[in-house]
Amino acid sequence: MKWSFLPASGFSAIAPQWDALRAFGPAAPMLAADFVAALLAAFGTGRERIALCHDGAELLAAALLVPQGRASWATFQPAQAPVGCWLQRPDSDPQALLASLVRALPGCALLVGLSQCDPFLLGRPANGPGMRTTDYIDTARIVVEGTFDAWWEGRGKNLRVNLKKQRNRLAAAGVATRLDTWRAPHQVAQAIADYGRLESTGWKGRAGTAVAADNDQGRFYRRMLEAFCARGQGSIYRYCFGDQLVAMDLCIEDGDCIVILKTAYDESIPKHYSPALLMREEACRRVFEEGRLRRIEFYGKVMEWHTRWTEDVRTLYHLNCYRWPLLLRLHARLQRAPISAPAD
């Protein structure tokens, strides 16, 4: 196997190869070339490098890497990316790929790290002499099987009863609810502006970190969603109380998977109306009834409310590969962290 490296400015030229490699594994819309290109455009610094591993004419692995100091590299990981920018053929050995990568990187690389790996996409390898994994966060998903009514009946009684009360309360006040789905590229700019206004009603607005049409986050979500919507794989859920927009989801799809990237709701609405949860119920109903999708991925850290919607939780992890096993042991001593014994 042989690694080659290109400036990230050349990503558009290798995008077809990137997506062809991604197609070998489970559906992963947040690793699509359109998503990565939008990340680079909004958050790239010019230091990023594309890494490609070939075995003859066959592409085995691809990554977007960033130097971390003089002797280590890591996958490109803006906060808006749920997983690190790494792809490989499912039948390739990650330990062999990373061991060859750390020796091929420019300079004298001592460490390469893959951040926020999903075990569903890249099975978690055992710790070895030069490789170590560490837990990142637990994340949740909904597996779409059977009918919505049967799935909903399996949710906790408190969730079902509370949302029914909210609907009855709204109906008694003469407020009709409506869930719209925007999928057209020309709708995205307005959707991002609306999303920013919702997010600015809460703590993110007060902290100055809310999405806005004219900031990097807003530019990223607009470019990315326009690209996904242009090929029928973007969906923006908009939930209204009457004519008032009260909650939104920004989502991308691929194959049998939908990823909920961002959720916002109007925090000026009294909490007992639960607009985001009401939206989630109706959106889930729509996914079940349409029958196109089999996974609803959240990818954020598991919160208490996630556990009311699903029991399907897994642990994302970080993976570090060291040039020499001794470096792993020295690093662990510096961190005062125990090392699991290598697998037999």
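How many helices and strands are there in the chain? The points below take this up, then turn to packing and pockets.

1. **Basis.** This is a predicted model, in which local features need pLDDT of at least 70, side-chain atom pairs count only at pLDDT 80 or more, and totals for chains, interfaces and linings use all residues. Residues are numbered from 1 along each chain as its sequence is written, and side-chain values use heavy atoms, with hydrogens and water left out.

2. **Content.** The chain has 11 helices and 13 strands. These are DSSP runs numbered from the N terminus: helices are H or I with at least four residues, strands are E with at least two.

3. **Overall dimensions.** The C-alpha trace spans about 70 × 40 × 40 Å along its principal axes.

4. **Helix packing.** Helix α5 (residues 157-172) packs on helix α9 (residues 275-290) at about 105°, with the axes 10 Å apart. The two are therefore roughly perpendicular (angles of 65 to 115 degrees). Axes are lines fitted to C-alpha atoms over the stretch in contact, and angles run from 0 to 180 degrees between N-to-C directions.

5. **Residues at that contact.** L163, Q166, R167 and L170 of α5 meet L277, L278, E281 and E282 of α9 (heavy atoms within 4.5 Å). By class, the contact has 4 nonpolar, 1 polar and 3 charged residues. Ala, Val, Leu, Ile, Met, Phe, Trp, Tyr, Cys and Pro count as nonpolar, Asp, Glu, Lys and Arg as charged, and the others, Gly among them, as polar.

6. **Largest pocket.** Its volume is about 1,600 Å³. A pocket is an open set of points on a 1 Å grid where a 1.4 Å probe fits, with protein on both sides within 12 Å along at least five of seven lines; lining residues have an atom within 4 Å of a point. Of the 45 lining residues, K204, K262, T263, M303 and W305 are closest to the centre. Elements giving two or more residues include α5 and α9. β11 gives the most, with 6. The lining has 25 nonpolar, 12 polar and 8 charged residues.

7. **Second largest pocket.** Its volume is about 300 Å³. Among its 23 lining residues, L31, W86, L87, L121 and L122 lie nearest the centre. α1 (11-22), β5 (86-88) and β6 (111-117) each give two or more residues; β6 gives the most, with 4. The lining divides into 13 nonpolar, 7 polar and 3 charged residues.

How values were computed
Angles under 35 degrees count as roughly parallel, over 145 as roughly antiparallel, 65 to 115 as roughly perpendicular and the rest as oblique. Grid points are joined across faces, edges and corners, and a volume is the space filled by probe spheres set on the points.
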